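Please keep the sequence and the model in view while reading.

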Amino acid sequence: MNSLKINLLTALFVSLVLVVGAQAQKTPGGGQGQTSSPNGNSGTNANSNNNRPDMDNLIHQGRAGSYYGGTVKLSGGALPWDPILINVVCNGDTRHTTVTDAKGNFIISPKPDDTPINSAASSSNAPNSDAQSKAVAQFVGCDVKAALTGFDSSSVTIAQRNLTDDPNIGTITLKPAENATGSAMSATTAAAPKDAAKSYEKARSEWAENKPDKAQKDLQKAVQIDPQFAEAWYQLGKIQEAQKSPDSVGSFQKAIAADPKFTPPYEHLVSGQAQAEKWQDVLDTTNKELQLNPAGSPRLFYYNAVANMKLGKTDAAEDSVKKAIAADPQHTEPNAEQLLAVILANKQDLPGALEHLRIAVKYLPPGPNADLVKKQIAQLESATQSPSK
């Protein structure tokens, strides 16, 4: 039993570290979660509004029985470049998340019965099917709020609607929070010289039009004019990161140096640190962002947990990974379940570890990692059914 457990723990943790490295090579999504389209499928990376559905038409032409829609506005200012996270909270628990498009529109459209991606049912449900309508109806009476670091959000309660009713639930308003320690928007933006601001806004339009090369040139102009333009450095870093350019690390560092309270660059910076397996740096960076943004994000808590685990801080790792899971009702980070399984197995709680591996495999896409988890489940099932030796 002990030999099996050691081998299992080693395989699990090695697979998790490899997954973290693979994730770090992708644009990590700005900590804002994933999109959700009206057919219940996960949408594009949260850092990109390209190839997104036309939410204006969906909100105004759809049927309330298949999805809900709304809009986010920022009091006294323009919306940030990055999408804004939307939480559906029912009886105090986050039950669903989505993000806004570039105009601040959002769609709430859960998969029927929160269908895991490995389930055969996930590809057979039409947007207006009875199953989809029931999935949407579960949110009646729940509150919808936006989550943006440094801002307070109003909320909208989802009311009962008929299929023929307007699916638009209304507008959510964000306003600056008093005594916020960090912010998703930088004070350096308002202070930027006119020419730098003009180049930045031009780049924003070019990015929305799927012209990253032109956007990159205009962002470079903006930071040349104003080297303290934190948001311009951050957006430049995102484009460089998508190109797998090592220059992205320097851009994120310059964004943080220009405005240490500006939170978005931290999560991108930690991705590179994880890829390089610089676990103390990962821990320091995630802890800093969590000081600025205590609400965190599934990926932020996950990185923090892996770093703590690598550094031998098991209790801290368990605390962080549980927060990652609690903030992630759609299991966009299914590897968090794997990590919790490692921790529980290390505590000799094999039934608990088995439970979380079974959850993880439901949400993992087909591939080597899912195959490994299935083998680990079989091993644990055998171990928990056999007498201890």
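A disulfide is taken here as a pair of cysteine sulfur atoms within 2.5 Å. The model is a predicted one, in which local features need pLDDT of at least 70 and side-chain atom pairs count only at pLDDT 80 or more, whereas totals for chains, interfaces and linings use all residues. Residues are numbered from 1 along each chain as its sequence is written, and side-chain values use heavy atoms, with hydrogens and water left out.

By this rule there is 1 disulfide, which joins Cys90 to Cys142 and is right-handed. The link connects distant parts of the chain, 52 residues apart.

| Property of the Cys90–Cys142 link | Value |
|---|---|
| S to S distance | 2.0 Å |
| Angle about the S-S bond | 110 degrees |

Cys90 lies in strand β2, while Cys142 lies in the loop between α3 (130–137) and β5 (143–147); helices (H or I, at least four residues) and strands (E, at least two) are DSSP runs, numbered from the N terminus.

The strands β2 and β5 also belong to an open sheet of 4 strands, ordered β3-β2-β5-β7 with antiparallel pairing, where two strands pair if DSSP finds at least two bridges between them. At its edges are β3 (93–99) and β7 (155–157), each pairing on one side only. Strand β2 (residues 85–90) is paired with β3 in the antiparallel sense over 6 bridges, and Val88 stands opposite His96 in β3.
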